[in-house]
Number of protein chains: 2
Amino acid sequence: MLNTVISIVGLGYVGLPLAIAFSSKYQVIGIDTNINRINDLNQNLDKTGEISTLNIKKSKKNILFTSSYLNIKKSNIIIVTLPTPIFINKKPNLNIIKNACKIIGKNIKKKDTIIFESTVYPGATRDVFVPILEKYSKFKLNIDFFCGYSPERINPGDKIHTIDKISKVVSGSNLQSLNLISRIYSKIINAKIHKAPSIEIAEAAKVIENCQRDINVGFMNELSIIFDKLNLNTNEIIKAASTKWNFLNFKPGLVGGHCIGIDPYYLTYIAKKAGYSPEIILSGRKVNDNMGYEIIKRILKILNKNKKYIKNSKVLLMGFSFKENCNDTRNTKVFDMYKNLKSKSAKVDIYDPLIDSISVNRNYDINLTKKPKYNYYDVIIIAVSHNIFLKCGLKKIKKYGKSNALIFDVKNSFPNMGLFYL
Amino acid sequence: MLNTVISIVGLGYVGLPLAIAFSSKYQVIGIDTNINRINDLNQNLDKTGEISTLNIKKSKKNILFTSSYLNIKKSNIIIVTLPTPIFINKKPNLNIIKNACKIIGKNIKKKDTIIFESTVYPGATRDVFVPILEKYSKFKLNIDFFCGYSPERINPGDKIHTIDKISKVVSGSNLQSLNLISRIYSKIINAKIHKAPSIEIAEAAKVIENCQRDINVGFMNELSIIFDKLNLNTNEIIKAASTKWNFLNFKPGLVGGHCIGIDPYYLTYIAKKAGYSPEIILSGRKVNDNMGYEIIKRILKILNKNKKYIKNSKVLLMGFSFKENCNDTRNTKVFDMYKNLKSKSAKVDIYDPLIDSISVNRNYDINLTKKPKYNYYDVIIIAVSHNIFLKCGLKKIKKYGKSNALIFDVKNSFPNMGLFYL
């Protein structure tokens with residue numbers, strides 16, 4: 001084999017850590033069409049917060065950050081770590097990767113191997129991506145080039161399960177590529193490399209991981225809906241149930257983001273196409289997708305009981321990212337809460353010091369509050385359990401509210417403080 | 001307090017182990033209206049297979065086994081471990097406990113404490129059982145007598161998580177009874193005693209444990225339906241996904257028995273009554289309830305592919321209990337498989353050496369096969385993964401079939417043997 005040079009296409013939450021990891025063993029070309037991202041990385045700055053400036057700087061001698069796909073020509077392994085979102089109708093939107101495949105196809109050489117890490121439905125690599133690669137390269141799979149799928153398992157914000165410690169599933173279009181792909185990843189992963197028997201098995205394994213989590217959180221959300229109606233404290237019930245050795249300690253909450261809230265639609269899409277409409281997976285999605293509205297419904301119920309009304313109330317919504325301690329706002333369910341409050345004529349300020357207000361303004365047409373006013377709000381909703389809010393403490397948060405303000409602690413960030421929570 | 005004497009009402013899978021455990025510390029009265037059961041126990045025989053003859057014999061000096069409720073008068077603690085099944089319309093059938101409460105009510109004294117261990121919906125103890133106890137005793141709760149709920153967590157057939165090692169949730173009708181109940185159980189339980197803040201919290205905690213398991217197995221069953229349609233091997237997919245640190249390793253399978261397949265209907269009943277129709281829990285039930293038929297559908301598909309037809313085929317169905325290594329046939333889904341095969345004019349023999357053929361005949365109108373014939377069957381279905389089948393080995397099982405027989409291994413009892421499985 002020639003000197004291995006690896007192109008990583010897409011330098012987001014998944015691609016950048018992977019590029020950094022590979023750069024310790026190989027020459028890496030990091031490609032992202034977002035020129036701002038490339039400029040940042042060239043200045044050792046990772047706005048996703050996953051990689052420190054020091055680590056980028058250290059890795060630089062082996063990585064070229066570029067926005068040009070032409071650099072693929074210099075590599076023999078191309079790893080695609082681009083996002084796979086859904087359309088508004090919840091159907092898989094593979095356009096980003098399909099477009100990338102056209103340009104990759106035009107730039108690959110014979111014997112190159114293309115590996116996909118993005119979450120897809122089983123069959124997408126072979127049925128959707130490979131035909132595009134073949135068309136634009138005029139090559140034939142397993143004769144002129146090879147292909148593989150190795151799902152990313154990055155957990156954004158998790159500093160314990162880092163890429164080198166997470167076991168990795170690999171698959172290939174034939175035995176030769178399977179072994180090559182396995183060998184390459186084994187250089188940077190200290191955990192187990194699991195060779196899946198086919199690309200489709202590896203694709204399916206990834207998508208079910210996120211479905212399982214979605215359903216289990218959905219179940220907790222459903223319980224919290226039921227127990228709210230029965231006037232029982234869900235948290236106490238979960239606490240009691242958790243004393244059983246095999247109880248799974250999930251918590252109710254908002255399921256947003258670009259993985260758990262999205263990936264199940266990939267699996268349900270292909271299942272429906274095969275003639276089966278998933279019962280459990282779709283019901284989990286339905287419950288979870290509705291939780292932003294459900295929470296506001298409960299808040300209004302408690303306001304009413306306290307003879308308070310939402311109309312013209314001043315509301316402080318704390319946290320806007322899709323989960324705690326990260327600055328990713330894609331598919332955040334706090335936006336549903338915001339929309340719902342606005343539709344009821346509340347005056348809503350959103351405060352999230354972790355988030356880049358320019359991108360929120362661009363994507364959501366919302367102006368974040370730089371600093372909440374003191375002694376000002378009727379209602380305070382702690383929607384995301386950022387460490388920065390926990391450190392700030394309840395005492396300080398209370399100061400934002402009027403003396404009779406009601407505080408809702410959606411994620412039970414301050415347990416045993418007598419706040420209303422899920 | 002007077003000398004504590006404990007009555008255990010209902011000596012099945014739950015009551016007998018509890019009675020045996022308490023007998024090491026207290027005088028125990030074990031009551032069951034099934035006279036055959038009492039006769040067996042008096043001869044040191046436990047047909048459920050939970051307690052050995054030796055252990056019954058050892059405990060006898062502190063236990064009176066009786067079918068008469070009048071003996072309750074001699075005790076001051078009454079623990080109810082009776083079954084809570086469902087009606088054919090899937091609604092909770094509390095009649096067994098309601099009837100017991102009438103007789104218990106007639107026989108209790110002032111200061112007695114009645115504890116329920118059976119799975120119910122939150123509210124059942126206070127809203128259904130207590131009023132009956134009050135009516136028939138003419139006593140008032142928390143003045144004349146006390147009440148509690150402490151859910152059983154017995155795992156039939158599990159010799160590792162035995163009663164003394166499983167942490168126990170307790171609750172009481174007031175603080176005094178909570179403390180008393182906690183104290184009594186702490187004498188026989190070496191694990192944690194968790195004091196729930198209310199009877200309803202303890203009731204809810206129990207029912208959600210089994211719902212969670214039902215949904216997670218249901219999810220695996222749904223995956224197996226989807227992947228069967230996509231011609232992908234579910235087992236390989238689960239194997240790959242299981243290499244992720246937080247993947248929950250459930251398996252597809254038949255969910256029967258008197259707990260997991262029943263308890264969710266208790267929770268959905270009370271949820272609907274409160275105005276919410278559970279999405280996820282009911283979809284899990286729907287998928288699981290249908291799996292017996294789904295498996296036969298898949299078997300027929302494979303038979304057809306092999307140019308074989310079910311009509312007049314000789315089928316050996318191995319295993320009839322609701323789960324492996326136990327002799328409990330309540331709500332077994334193998335019966336659905338049997339019915340389905342019969343409706344297609346197959347000739348079906350059922351073989352389960354663990355099961356009492358008389359009770360199966362009484363409850364299901366089925367005659368079990370004492371010994372399968374050799375070289376006789378067209379189709380063999382290993383439906384339950386009894387250790388006794390594993391020990392017997394595939395070679396011997398194959399001998400029951402004709403030379404061209406197809407063998408289906410529903411639970412993947414013989415992995416990597418090339419048999420068809422879920």
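The segment after β12 (401–409) of chain A holds Asn412(A), where helices (H or I, at least four residues) and strands (E, at least two) are DSSP runs numbered from the N terminus. The phi of Asn412(A) is near 55 degrees, a positive value in a residue other than glycine. Asn412(A) counts as partly exposed, with 19 C-beta neighbours inside 10 Å; a residue is called buried if 20 or more other C-beta atoms lie within 10 Å of its own, exposed if 12 or fewer, and partly exposed in between, with C-beta atoms placed from the backbone. The model is a predicted one, in which local features need pLDDT of at least 70 and side-chain atom pairs count only at pLDDT 80 or more, while totals for chains, interfaces and linings use all residues. Residues are numbered from 1 along each chain as its sequence is written, and chains are lettered from A, and ligands numbered from 1, in the order in which they are written.

A positive phi, of about 65 degrees, is also found at Ser345(A), which is not a glycine. Ser345(A) lies in the loop between α12 (334–343) and β10 (347–351) of chain A, and with 11 other C-beta atoms within 10 Å Ser345(A) is exposed. Most residues other than glycine have a negative phi.

Chain A is divided into domain 1 (5–198) and domain 2 (234–409), with bounds that come from an automatic or database domain assignment. The centres of the two domains of chain A, taken over C-alpha atoms, are separated by 32 Å. Across the boundary, 15 residues of domain 1 of chain A are in contact with 14 residues of domain 2 of chain A, a contact being counted if the C-beta atoms of two residues, placed from the backbone, lie within 7 Å. The side of domain 1 of chain A that touches domain 2 of chain A has eight nonpolar, four polar and three charged residues; here Ala, Val, Leu, Ile, Met, Phe, Trp, Tyr, Cys and Pro count as nonpolar, Asp, Glu, Lys and Arg as charged, and the others, Gly among them, as polar.

In chain B, strand β6 (residues 146–149) is covered on both faces, with Phe146(B) and Gly148(B) buried on one side and Cys147(B) and Tyr149(B) buried on the other. Strand β5 (residues 113–116) of chain B runs parallel to β6(B) and is joined to it by four bridges, two strands being paired if DSSP finds at least two bridges between them. Within this pair, Thr113(B) stands opposite Phe146(B). The chain passes from β5(B) to β6(B) through helix α5 (residues 124–137) of chain B in a right-handed β-α-β crossover, a term that applies if, with the strands pointing away from the viewer, the path from the first strand over the helix to the second runs clockwise. Strand β7 (residues 168–172) of chain B is antiparallel to β6(B), and two bridges join them, with Ser171(B) in β7(B) as the bridge partner of Tyr149(B).

Chain B can be laid on chain A with an RMSD of 0.1 Å by a turn of 180 degrees and a shift of 0.0 Å along the axis, the superposition being by least squares on the C-alpha atoms of residues with pLDDT of at least 70 in both copies. The two copies are thus related as by a two-fold rotation axis. The contact takes 51 residues from chain B and 51 residues from chain A, and α7(B) gives the most to the side of chain B that touches chain A, with 17 residues.
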